[in-house]
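Open the model in your viewer and keep the selection panel handy. We will take a short walk through it, one selection at a time.

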Amino acid sequence: REDVSETRVVLTAERKQRRLIAVGSGKGGVGKSTLTANLAVALAKLGHKVGLVDADVYGPSQPVIFGNQGQKPVARDEKLVPVDSDIGIPVLSMGHLVEPGRALAWRGPMAGNALSQLIDAHWDDVDTLLVDLPPGTGDVQLTMLQRFKPMGAVLVSTPQDLALIDAARAGQLFDQAGVPIIGLVENMAGYACPHCGEMSDPFGKGGVETAAQRLDLPFLGRIPLDLAIREGSDKGTLPAAGDDLLAQPFHDIAAKIHS
Ligand code: ADP
């Protein structure tokens with residue numbers, strides 16, 4: 001009995017030192033996974049020991065982004081050991097646990113238990129654990145937020161009206177779970193024509209910043225729509241690993257989260 005309570009004390013202490021940050025969105029396809037992966041890299045550059053949990057049951061994409069798909073995490077003492085990636089960020093994803101496409105049919109409790117395994121893993125010296133949440137505002141998200149109480153959440157949206165409405169709804173979910181929102185990020189904001197360089201705004205412009213003001217939430221920054229971001233995600237080279245113009249917005253957002 002004494003042993004068990006001691007373990008519990010250690011676990012609580014471990015959890016306290018580790019910051020859990022959730023990254024959410026009102027709907028899919030707005031760049032939540034892309035942002036989470038690049039923020040992980042940018043926060044690591046700021047000196048944090050970062051780990052990433054891909055909790056997106058409906059479309060786990062982090063194994064592809066980090067180029068460690070096909071690897072199966074091993075278990076030690078009944079807990080999973082995160083999978084390493086070339087870029088130095090340990091990752092655990094639903095995609096590491098099930099065959100692609102299988103998780104889609106999961107119901108809330110099953111997904112919730114799988115999530116617990118990913119978060120309650122051997123994260124060892126990781127001090128900042130980013131959690132790429134499934135999009136939307138369902139049971140899985142609420143359970144995860146209530147069970148693990150992240151210290152905060154970053155919400156990402158495109159400037160499009162519909163995505164914004166969904167993002168506001170997601171904001172309410174975080175409120176309901178008592179998880180403070182660190183801020184909003186606008187993704188796919190502004191597109192530079194690769195031929196003439198002229199800027200256009202396929203999904204509108206500034207909508208997320210306006211929404212942040214209206215909701216009285218911090219605005220963390222905007223990331224342009226850029227082919228190199230998409231290509232990087234597909235072949236495991238993350239823009240935030242560099243220090244060029246494309247990396248800058250990710251570094252700026254990471255610096256705000258860091259402070
Ligand atoms: P979500 O996690 O919200 O479903 P993803 O991060 O998987 O969205 O992004 C959806 C698709 O859009 C991916 O192919 C990704 O590479 C691409 N993408 C995301 N953000 C950008 C961006 N700023 N510029 C170009 N492509 C992007």
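Start with the shell around the ligand in this predicted model: its residues divide into six nonpolar, nine polar and three charged. The shell has 18 residues, and those that come nearest to the ligand are Gly31, Lys32, Ser33, Thr34 and Arg230. Now colour helix 2, strand 8 (181–192), strand 10 (219–225) and helix 9 (227–235), the elements that each give two or more residues to this shell.

Next, select Gly26, Lys27, Gly28, Gly29, Val30, Gly31, Lys32 and Ser33, which an unreviewed UniProt entry annotates as "binding site". Zoom in on Gly29, in the loop between strand 1 (19–25) and helix 2 (32–45). Is Gly29 buried or exposed? It counts as exposed, because it has 12 C-beta neighbours inside 10 Å, and the cut-off for exposed is 12 or fewer.

Move on to Val30, in the loop between strand 1 and helix 2. Val30 has 24 C-beta neighbours inside 10 Å, so it counts as buried. Leaving aside residues up to four places away in sequence, show its contacts: Ser25, Val156, Ser157, Thr158, Ala163 and Asn187.

For the last stop, select helix 8 (residues 207–215), with its buried residues Gly207, Val208, Ala211 and Ala212. These lie on the same side of helix 8, because they cover an arc of only 135 degrees around the axis. Strand 7 (152–157), helix 7 (161–176), strand 8 and strand 10 are what they pack against. Finish at Asp216, which follows helix 8 and has a positive phi, near 60 degrees.

Technical notes:
Residues are numbered from 1 along each chain as its sequence is written. This is a predicted model: local features need pLDDT of at least 70, side-chain atom pairs count only at pLDDT 80 or more; totals for chains, interfaces and linings use all residues. UniProt positions are given in the numbering used here, feature names are shortened, and annotations may be inferred rather than shown by experiment. Helices (H or I, at least four residues) and strands (E, at least two) are DSSP runs, numbered from the N terminus. A residue is buried if 20 or more other C-beta atoms lie within 10 Å of its own, exposed if 12 or fewer, and partly exposed in between; C-beta atoms are placed from the backbone. Two residues are in contact if their C-beta atoms, placed from the backbone, lie within 7 Å. A residue is near a molecule or strand if its C-beta atom, placed from the backbone, lies within 6 Å of it. Ala, Val, Leu, Ile, Met, Phe, Trp, Tyr, Cys and Pro count as nonpolar, Asp, Glu, Lys and Arg as charged, and the others, Gly among them, as polar. The arc is that of the directions from the helix axis to the C-beta atoms.
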